[in-house]
Amino acid sequence: MIRKAITIPHKLFATVAKPVPMMNNLLKSQAYINGCWVDAISGDTFEVKNPATGNVIGHVPNMNAKDAQLAIDAAKRTYESDEWRNLTAKQRSSMLKNWYNLINEHCQEIADIMTAESGKPITESKGEVAYGNSFVEWFAEEARRIYGEIVPSSLPNRETIIMKQPLGVAALITPWNFPLAMITRKAGAAIAAGCTVVIKPAEDTPLTALAIIELAEKAGIPKGVINVVTTNKAAPVGDLFCKSPDVQGISFTGSTEVGKMLFRNCADGIKRISLELGGNAPFIVFNSADVEKAVDGAMISKFRNCGQTCVSSNRFFVQEGVYDRFVELIKQRVEDLKIGAGDGDGVQIGPLVNKMQFNKVSGFVDDARKHNSKIITGGKALPEHGELFYAPTIVTDLSPAAKIYTEEVFGPVVSIIKFKDEQEAIQKANSSRRGLAGYFYSENLQQVFRVAKRLEVGMVGVNEGLISAAEAPFGGVKESGIGREGSHHGIDEYVEIKYICMGNLKY
Ligand code: NAP
């Protein structure tokens, strides 16, 4: 039932007030299975909206488990084909390099689509294209370094050979907040390792995913290697990924709640799963800190993508000696942020991605208010900009009973808590069940090492608010996930280690 694509881009703009530029050839309206642009078997579609305006910017197929099964079948066939299996690491590396070059060339078009569907400011979208593409480049390089080992045997006339082999078909489930980077960080590693993939992008941001897949096709990545299933009914598709014996591994980025459910569902088949889940990052400013630098770091760590990043600082702990200065400086900076639709000049804060996110963020602030916290700036909706805009907000004097004290806000809200000494800061920072990123500012070398070691997180920013990079392992501890993405460790999620015992050798 796979039909070849007839792309009719102008149809997408029927109800658009501020369209993605008309010449954007990367704007797709079909999913991608076995090298073909396809509709859902049912013919159903769903709308993709611009969160800044509420306007519809496109429609994509609303697929179900039957479509997902076709995608799995295609990925499996390709994985088992001689054409794919016999490619050398260098050939896979070249394909990824081609893909990297094409994404670079089309940065502006991809960023336009990303801003239109996610609401993030255009400068951030361009930044994400560069950041996300750095994983394609990195894994193009790593493809050639998936080394095995020969270990000296304890027995005579034997060799102990260890080799890394691709896992097989990998299902990749990604969120809306980094609609490109969360795909390339997984797919780059999977393809480098020799896997084939089925991607399920987020309902809010399927267009960025489809745009880069169009470029993967142009880059010469063979049919069936990458398949994309778009849907607004994630559960049956996710369920199939967990249960299908033809899917050897799942890589999921998203909420801890959904991650736990997938983890449970993979248990029956003892299926490999890597999970990049929610964070609740502490940001600690010690008395010894350079407070101006700390405010710079706080702004970048908190307000990127309107606070909707998993490594966003969520709880600010500021030591008594610098508390007043920090609060005064950050308040000025927050009040200076330029708010508007992501394609507006100099805009730094766009809308929240959807109504659910908006209700969550405003609910957290209302709850903090009820618990007698002080809202020193913001704390309100901004209907003059649009339905999903919320003012950058600072909350102080937080009661530990307020939800915001313990839960991930995922929005433009800075909550500041005063502390007395290092012990108290570490205890409070580690009091969360999440452990993705953590940040602290200190100019005291002894303190730097002590605190870096004691924070219960997978990633630490010391005097730095922006820490993710292709060469660094990204991932969390506790309920923030298992496994690592990026860096040379990122390949490990997509390979099996095989031991080959060569016996009775005649030397
Ligand atoms: P989410 O609701 O868990 O969604 C993430 C992805 O999972 C989307 O593609 C979603 O599809 C899909 N999904 C939802 N229910 C599913 C199910 N039952 N089975 C299979 N897939 C399912 O998370 P979100 O609200 O989009 O993202 C925000 C969360 O992600 C935050 O907690 C954030 O911290 C975390 N995050 C973590 C990282 C990291 O690297 N650790 C990075 C980014 C975000 P639909 O879109 O169709 O619902």
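Colleague: How many nonpolar, polar and charged residues make up the lining of the second largest pocket?

Modeller: Ten nonpolar, two polar and seven charged ones. Here Ala, Val, Leu, Ile, Met, Phe, Trp, Tyr, Cys and Pro count as nonpolar, Asp, Glu, Lys and Arg as charged, and the others, Gly among them, as polar. This is a predicted model, where local features need pLDDT of at least 70, side-chain atom pairs count only at pLDDT 80 or more, and totals for chains, interfaces and linings use all residues. Residues are numbered from 1 along each chain as its sequence is written, and side-chain values use heavy atoms, leaving out hydrogens and water.

Colleague: Which residues lie nearest the centre of that pocket?

Modeller: Rolling a probe the size of a water molecule over the atoms shows where empty space is left. A pocket is an open set of points on a 1 Å grid over the protein atoms alone where a 1.4 Å probe fits, with protein on both sides within 12 Å along at least five of seven lines; lining residues have an atom within 4 Å of a point. In this case 19 residues line the pocket, with Arg92, Lys164, Gln165, Pro166 and Ala193 nearest its centre. Helices H2 (82-85) and H3 (89-105) and strands S6 (159-166) and S22 (495-502) each give two or more residues to the lining. These are DSSP runs numbered from the N terminus (helices H or I, at least four residues; strands E, at least two).

Colleague: What is the strand order in the sheet with S6?

Modeller: Strands pair through backbone hydrogen bonds, either parallel or antiparallel. This open sheet runs S5-S6-S22 with antiparallel pairing, where pairing takes at least two DSSP bridges. S5 (149-151) and S22 are the edges with a single partner strand each, so one side of each has no neighbour in the sheet. S5 and S6 share three bridges, and valine 151 sits opposite threonine 160 of S6.
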